[in-house]
Amino acid sequence: RNGAPYMLPQNIGFPVGGDTKFQYLVLQVHYINIERLHGPGDTAGVDLMYTEVEPEKSAGMLSIHIRTNVPALSKTYQDGGCKIGENKILHPFSYLVHTHALGQVVSAWRLRRGERFVGIDEWKLIGKKSPQSPQSFYPVADPDMRLVLGDQMALRCTMLNMRSTDVIQGLASYDEMCDLYMMYWVWGNHTKLLEGNTYCTSSGPPRTTWEALGFNNIPETRATTL
């Protein structure tokens, strides 16, 4: 949605083929309304460049998805999160947020418990954006951030529903979504990437909240405002 072109940083590449687990490339294109395609039709596309020389850094994708539930005439927080469960050092470098029309703010965070005070979560911003901005990958807030074994990731989508009907999770534009896609790099080849789950899904409100996930010291204002 009006996103600018994106190029991977220098000396970073996604491993494909060979002895990696990534054997296929699939392109999926979504249209809000195909009636708006004039003239020759769709001119969107993706330019892929490849090299047979292995770069110093391998790139991977980690995503968080929340099953949205937005009551009529309400402002709600769609909360989710997941835990880094592998002994890898991940360097986040770019992120994309996605909602439909009701999304106001999407923020993603790294949590470390007890880094400064015993039992207290330390929150560090990965990225924060209006999902109504041009949809593209944006640089993370701190390019020196690392994610390691035991770190938690937290995602919140602030939704404002002024409709007279509830809005639930769905693919249609009148439904809602709450998603984060985060690219990271690791030193070395594909064996240093996450080998298990590369995404996590939360059930959304009212069952799932940051408090219900056990998080504390929550930065409520910073998490919900730009």
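Q: Which side chain meets D151 in a salt bridge?
A: That would be R112, with an N to O distance of 2.8 Å. Keep in mind that this is a predicted model.

Q: How many salt bridges turn up in the whole structure?
A: A search finds 9.

Q: What does D79 pair with?
A: The side chain of D79 meets that of R156 in a salt bridge, at 2.7 Å from N to O. R156 lies in strand β9 and D79 in strand β4, so the contact ties together parts that are 77 residues apart in sequence.

Q: How accessible are R156 and D79?
A: R156 has 1% relative accessibility, so it counts as buried. D79 is buried as well, with a relative accessible area of 2%.

Q: Which residues are in a salt-bridge network with D79?
A: R156 and E220: the three are linked in a network of salt bridges.

Q: What about K88, who's its partner?
A: E195, and their side chains meet at 3.2 Å, N to O.
A: Exposed, with a relative accessible area of 55%. K88, on the other hand, counts as buried at 13% relative accessibility.

Q: Let's switch to strands. How much of β4 is buried?
A: In strand β4 (residues 74–83), 7 of the 10 residues are buried, so the strand is largely enclosed by the rest of the structure.

Q: In which sense does β4 pair with β9, parallel or antiparallel?
A: Antiparallel, over 10 bridges, with β9 covering residues 152–161. As for who faces whom, T76 stands opposite M159 in β9.

Q: Where are C157 and C178?
A: C157 is in strand β9 and C178 in strand β11 (residues 178–187). They are 21 residues apart, and the pair links distant parts of the chain.

Q: What's the handedness, left or right?
A: The torsion about the S-S bond of C157 and C178 is about 85°, so the disulfide is right-handed.

Q: How accessible are C157 and C178?
A: C157 counts as buried at 0% relative accessibility. C178 is buried too, with a relative accessible area of 0%.

Q: Now β12. Which residues are on its covered face?
A: C200 and S202 are on the covered face, whereas Y199 and T201 are on the uncovered one. C200 is buried, with a relative accessible area of 13%.

Q: Which way does β2 run relative to β12, parallel or antiparallel?
A: Parallel, and 4 bridges join strand β2 (residues 57–66) to β12. In that pairing, S63 stands opposite Y199 in β12.

Q: And where is R207?
A: R207 is in the loop between β12 (199–202) and α1 (220–224). R207 is exposed, with a relative accessible area of 68%.

Q: How far is R207 from D79?
A: Their C-alpha atoms are separated by 9.6 Å, with the two residues 128 apart along the chain.

Q: Which residues line the largest cavity?
A: The lining includes L96, V97, K129, S130 and P131. Also among them are S133, P134, Q135, S136 and Y138.

Q: How does that lining divide by residue type?
A: Into 5 nonpolar, 4 polar and 1 charged.

Technical notes
Residues numbered from 1 in each chain as written. Predicted model: local features only at pLDDT ≥ 70, side-chain atom pairs only at ≥ 80, totals over all residues. Heavy atoms only, no water. Helix = DSSP H or I, 4+ residues; strand = E, 2+ residues; numbered from the N terminus. Buried < 20%, exposed > 50% of the residue type's maximum accessible area, 1.4 Å probe, protein only. Pairing = 2+ DSSP bridges. 1 Å grid on protein atoms, 1.4 Å probe; cavity = no way out; pocket = protein on both sides within 12 Å on 5 of 7 lines; lining within 4 Å. Nonpolar A, V, L, I, M, F, W, Y, C, P; charged D, E, K, R; others polar. Disulfide = S-S within 2.5 Å. Salt bridge = Lys/Arg side-chain N within 4 Å of Asp/Glu carboxyl O.
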